[in-house]
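Me: I would like to learn how to read a structure such as this one, feature by feature. Could we take each general idea and then turn to the case at hand?

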Amino acid sequence: MSTAARQTGAQACELKGSRFTLSVLNLLDTDLAAIDAKLGALVAQAPGFLERAPVVLDAARIAEQGAALDLDGLVAVLRKHTLVPVALRGGDAALQERAMAAGLALMPETAAPVAGSRTTEQVSPAAAPGGGPRIVNRPVRSGQQVYAEGGDLIVLGAVSAGAEIIADGSIHVYGALRGRAIAGARGDEAAHIFCQSLEAELISIAGCYRVFETEPDETRGRPVHASLSGERLLIEML
């Protein structure tokens, strides 16, 4: 092999760690018809948000029914709804073997479910002394992602369209919120979202989300507070 060929091969690729935002499909039953109907309803609510979204299948709640799950059929159902299954979390050894045979990765059961569906450039927020909230003191630009693991997130500037901010706790934006805001990423239903000007593409709390269309809305451009009431996402003007 020539020196030039070896140099070209050495530069052919790189393998680096990165953070991805993935949707998690919590399987509560093995009935594919019921799953198909539920996914159809969810995708109809937010077709743009979920189109070609990578999805992790969480089988923890059907551990005793794993043998009855038609995994190939489930993968076909997800693809029918333009979702892209990429991995399995949970389940017994037999189900995990079938998942690997189907080309799915295996995710550790301790991984945090976060709603969303894309790869982004990360911004490293500063942590307040004593393990307080994460604080970002500059705007979050399109294509960037900020994740406050284990607590609240405070953004002192605007969040651009195409940006994504995620917190396991609550989110505070002291500027215009134009991208996506995902609070309660680990399922904290007591999380809140506050912003000075709501112009978001999507907001979500503990998996309950709302996608904002281009039509005028009474909350658009206004300071708001979002919270959960049962399974309803409430948005109130401040």
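Reply: Let us begin with burial, for which a residue is called buried when its relative accessible area is under 20%, exposed when it is over 50%, and partly exposed in between. Please keep in mind throughout that this is a predicted model.

Me: With those cut-offs, is D168 buried or exposed?

Reply: D168 has a relative accessibility of 6%, so it counts as buried. Its side chain meets that of R186 in a salt bridge, with 2.9 Å from N to O. Because D168 lies in the loop between β12 (164-167) and β13 (171-177), while R186 lies in the loop between β14 and β15, this pair ties together parts that are 18 residues apart in sequence.

Me: Which other residue meets R186 in a salt bridge?

Reply: The side chain of E149 does so, at 3.2 Å from N to O. E149 belongs to the loop between β10 (144-148) and β11 (153-155) and R186 to the loop between β14 (180-183) and β15 (193-198), so here the parts tied together are 37 residues apart in sequence. Both of these residues fall in the middle class, since R186 has a relative accessible area of 42% and E149 has a relative accessibility of 46%. As for D168, which is buried at 6%, shared partners in the salt bridges join E149, D168 and R186 into one network.

Me: How many salt bridges does a search of the whole structure find?

Reply: The search finds six. One of the salt bridges is formed by D58 with R89, whose closest N and O atoms are 2.6 Å apart. This pair links distant parts of the chain, for D58 is in strand β3 (residues 54-58) and R89 is in strand β4 (residues 84-89), 31 residues apart. Both partners, D58 and R89, are buried.

Me: Where does L42 lie, and with which residues is it in contact beyond its neighbours within four places in sequence?

Reply: L42 lies in helix α2 (residues 32-45) and, with those neighbours left aside, is in contact with L50 and Y209. At 26% relative accessibility, L42 counts as partly exposed.

Me: What do β16 and β17 form?

Reply: They form a hairpin with two residues between them, and A206 in the turn has a positive phi of about 50 degrees. Strand β16 (residues 202-205) pairs with strand β17 (residues 208-211) in the antiparallel sense over four bridges, and V211 in β17 is the bridge partner of L202.

How values were computed
Residues are numbered from 1 along each chain as its sequence is written. This is a predicted model: local features need pLDDT of at least 70, side-chain atom pairs count only at pLDDT 80 or more; totals for chains, interfaces and linings use all residues. Side-chain values use heavy atoms; hydrogens and water are left out. Two strands pair if DSSP finds at least two bridges between them. A salt bridge is a side-chain nitrogen of Lys or Arg within 4 Å of a carboxyl oxygen of Asp or Glu. Buried means under 20% relative accessible area, exposed over 50%, partly exposed in between (1.4 Å probe, protein chains only). Contact means heavy atoms within 4.5 Å.
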